[in-house]
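Trainee: Could you take me on a close look at a single part of this model? I would like one connected account, with the cut-offs spelled out as you go.

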Amino acid sequence: MYCAFAFANQQTHAQVDVGAISLVSPVSPMCATAFQNITVSIKNYSAATINFAVDSVTVTVNITGANAQSLTTTLTSGTLVSGGFQDVIVTTTTDMNIAGTSTFNAFTAVTGDANPANDALIPAINITVNPNPAAAVGPDKIICTGDSTTIGAASVAGSTYKWYDINFN
């Protein structure tokens with residue numbers, strides 16, 4: 001005896017598999033700013049296009065060390081084709097002016113993830129921010145046209161210096 005069942009309007013839902021593959025920014029060496037973008041590249045490992053309105057994907061960056069914090073954003077619109085990559089700005093306001101080494105760990109999360117083993121960025125990324133140099137040039141001086149004086153700053157390993165006048169010349 002052979003039996004078959006048919007269901008009208010049956011919808012299938014493809015398994016979703018997405019993971020963090022690289023830290024796009026910041027990168028080392030860097031010019032640290034108080035408003036640094038944290039951007040992660042993700043990959044769709046699924047056989048089908050991911051529709052973020054149906055399968056929202058959360059991207060998290062955990063930072064340990066000198067600039068410890070946890071940052072998260074959730075993709076709720078748009079699509080990502082099978083095998084495709086997308087850069088995701090997790091935040092635009094991280095203060096990277098904090099001297100020291102920070103370790104960046106990024107990962108994705110999605111309900112029904114087909115392979116959680118490929119969610120995390122491997123290996124974690126270390127970024128070192130050197131301290132800002134202290135430029136102490138001594139007491140104020142009046143310098144007339146044709147006069148000269150010597151100015152300088154203490155050396156900081158890994159740093160270079162450029163001196164400019166008030167007009168950036």
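**The open sheet and its surroundings**

Mentor: Gladly; at 32% relative accessibility, Ile21 counts as partly exposed, because that class lies between buried (under 20% relative accessible area) and exposed (over 50%), with a 1.4 Å probe and protein chains only. This is a predicted model, where local features need pLDDT of at least 70, side-chain atom pairs count only at pLDDT 80 or more, and totals for chains, interfaces and linings use all residues. Residues are numbered from 1 along each chain as its sequence is written, and side-chain values use heavy atoms, without hydrogens and water.

Ile21 sits in strand S1 (residues 18-25); strands are DSSP runs of E, at least two residues, numbered from the N terminus.

Now to the sheet: four strands form an open sheet in the order S5-S4-S8-S9, with antiparallel pairing. Two strands pair if DSSP finds at least two bridges between them. Its edges are strand S5 (69-75) and strand S9 (125-129), each pairing on one side only. On average, neighbouring strands here are turned by 20° against each other, direction ignored; axes are lines fitted to C-alpha atoms, and angles run from 0 to 180 degrees between N-to-C directions.

Strand S4 (residues 57-65) is joined to S5 by seven bridges, and the two run antiparallel. Within S5, Ser70 is the bridge partner of Asn62.
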